[in-house]
Amino acid sequence: MSPTRRAIVTGGTSGLGEACAVRLRADGAEVVTFDVSPGADVTVDVRDPAAVDAAVARVGTVDILINSAGIVGPNKPFADTTPEEWRTTFDVNVFGLVHVTRAVVPGMVERGWGRIVSMASMAGKDGNPNLSAYSASKAAVIGLTKSLGKELAKTGVLVNAIAPAVIATPMNATNTPEVLAHLTSLIPMGRVGLPEEVAALVAWLVSDELSFSTGAVYDISGGRATY
Ligand SMILES: NC(=O)c1ccc[n+]([C@@H]2O[C@H](COP(=O)([O-])OP(=O)(O)OC[C@H]3O[C@@H](n4cnc5c(N)ncnc54)[C@H](O)[C@@H]3O)[C@@H](O)[C@H]2O)c1
């Protein structure tokens with residue numbers, strides 16, 4: 001029997017983060033959600049490193065981190081994107097993730113056990129047209145995961161990412177039927193994924209059963225991924 005683990009789930013009030021929080025609680029973990037939206041256990045903007053440090057310190061011991069806070073950013077041709085849109089997208093999807101990860105890693109290393117799972121995306125592997133900032137930000141998450149996974153490989157802290165295709169969450173609620181049909185047509189299973197399916201993969205990635213994977217990117221795409 002594993003000891004009770006304490007987890008922080010960023011973006012934990014919606015979509016994939018919420019599904020992960022529900023699943024981890026059901027599995028017996030103590031879960032603290034970090035979000036800017038109402039309903040979070042801790043209201044904190046991951047873009048603010050000082051606020052993140054203070055929030056993590058108040059939580060105390062953190063065994064598990066799920067980085068799910070994220071935004072889509074500009075959905076338009078690359079040439080029409082603005083520097084401000086790029087900055088905003090990277091501030092949340094990359095620097096926000098870095099701030100929370102930096103705040104928890106030293107304690108995990110000291111205790112010799114930790115699990116970090118970050119939401120990358122198929123967009124970070126494949127590149128989705130008209131989502132240049134988002135795709136680039138998710139490629140950055142993959143690069144960070146690979147680097148940190150190798151760096152911490154002998155510490156007991158395992159760092160992995162997942163790359164979902166389209167999952168039915170509020171993030172995709174504003175997609176036009178045409179865009180959704182196109183994205184679904186890329187998926188050999190012919191359907192979008194469910195948050196609970198993602199949470200099931202994450203539950204394994206943060207468990208004691210995970211023992212020989214780090215710096216890896218797990219596909220959850222109904223067969224869309226080709227590498
Ligand atoms: N849904 C998909 O199809 C899909 C596919 C691939 C990857 N992802 C990634 O999974 C993650 C979760 O996506 P989702 O579909 O659950 O999205 P979502 O919009 O349902 O949830 C994202 C959450 O992040 C929070 N958030 C945004 N900015 C924040 C900030 N600055 N500080 C703290 N919290 C903030 C939001 O308030 C929201 O609760 C994202 O990183 C997303 O890029 C989603």
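**Figure 1. Helix α3 in the lining of the largest cavity.** Helix α3 (residues 83-111) gives the largest share of this lining, 3 residues. The model is predicted, so local features need pLDDT of at least 70 and side-chain atom pairs count only at pLDDT 80 or more, while totals for chains, interfaces and linings use all residues. Residues are numbered from 1 along each chain as its sequence is written, and side-chain values use heavy atoms, with hydrogens and water left out. Helices (H or I, at least four residues) and strands (E, at least two) are DSSP runs numbered from the N terminus. The structure holds 1 cavity of 30 Å³ or more, and the space in the largest cavity is about 40 Å³. Its lining consists of Thr10, Val46, Asn67, Ser68, Ala69, Val92, Gly96 and Leu97. By class, 4 of these residues are nonpolar, 4 are polar and none is charged. (On a 1 Å grid over the protein atoms alone, a cavity is a set of points where a 1.4 Å probe fits but cannot get out; a pocket is an open set with protein on both sides within 12 Å along at least five of seven lines; lining residues have an atom within 4 Å of a point. Points are joined across faces, edges and corners, and a volume is the space filled by probe spheres set on them. Ala, Val, Leu, Ile, Met, Phe, Trp, Tyr, Cys and Pro count as nonpolar, Asp, Glu, Lys and Arg as charged, and the others, Gly among them, as polar.)

**Figure 2. The largest pocket.** The largest pocket contains about 1,100 Å³ of space. Its lining is made up of 49 residues, and Ile71, Val72, Tyr134, Met171 and Asn172 lie nearest the centre. At least two lining residues come from each of α1 (15-26), β2 (30-35), α4 (122-126), α5 (132-151) and α6 (177-185). The lining comprises 25 nonpolar, 18 polar and 6 charged residues.

Figure 3. In the side chain of serine 14, an N or O atom is 2.6 Å from an oxygen atom of the ligand. Leucine 16 has a backbone N or O atom 2.7 Å from a ligand oxygen, and for isoleucine 167 a backbone N or O atom lies 2.8 Å from one.

**Figure 4. The second largest pocket and serine 207.** About 340 Å³ of space lies in the second largest pocket. It is lined by 18 residues, with Ser2, Arg5, Asp27, Val206 and Ser207 nearest its centre. Both α1 and α7 (195-205) give two or more residues to this lining. It holds 9 nonpolar, 4 polar and 5 charged residues. Serine 207 sits in the loop between α7 and β7 (217-220). Serine 207 counts as buried because its relative accessibility is 18% (buried is under 20% relative accessible area, exposed over 50%, partly exposed in between, with a 1.4 Å probe and protein chains only). Leaving out residues up to four places away in sequence, serine 207 touches Trp113 and Arg115 (contact means heavy atoms within 4.5 Å).

**Figure 5. The buried residues of α7.** Pro195, Val198, Ala199, Leu201, Val202, Ala203 and Leu205 are the buried residues of α7. They pack against α1, β4 (64-67), β5 (114-119), β6 (157-164) and β7.

**Figure 6. Arginine 25 in helix α1.** Arginine 25 belongs to helix α1. With 40% relative accessibility, arginine 25 counts as partly exposed. Beyond its neighbours within four places in sequence, arginine 25 is in contact with Val31, Thr33 and Asp41. Its C-alpha atom is separated by 10.0 Å from that of arginine 5, 20 residues apart along the chain.

Notes
A polar contact is a pair of N or O atoms within 3.5 Å; within protein, one must be able to donate a hydrogen and the other to accept it, and residues adjacent in sequence count only if both atoms are side-chain atoms.
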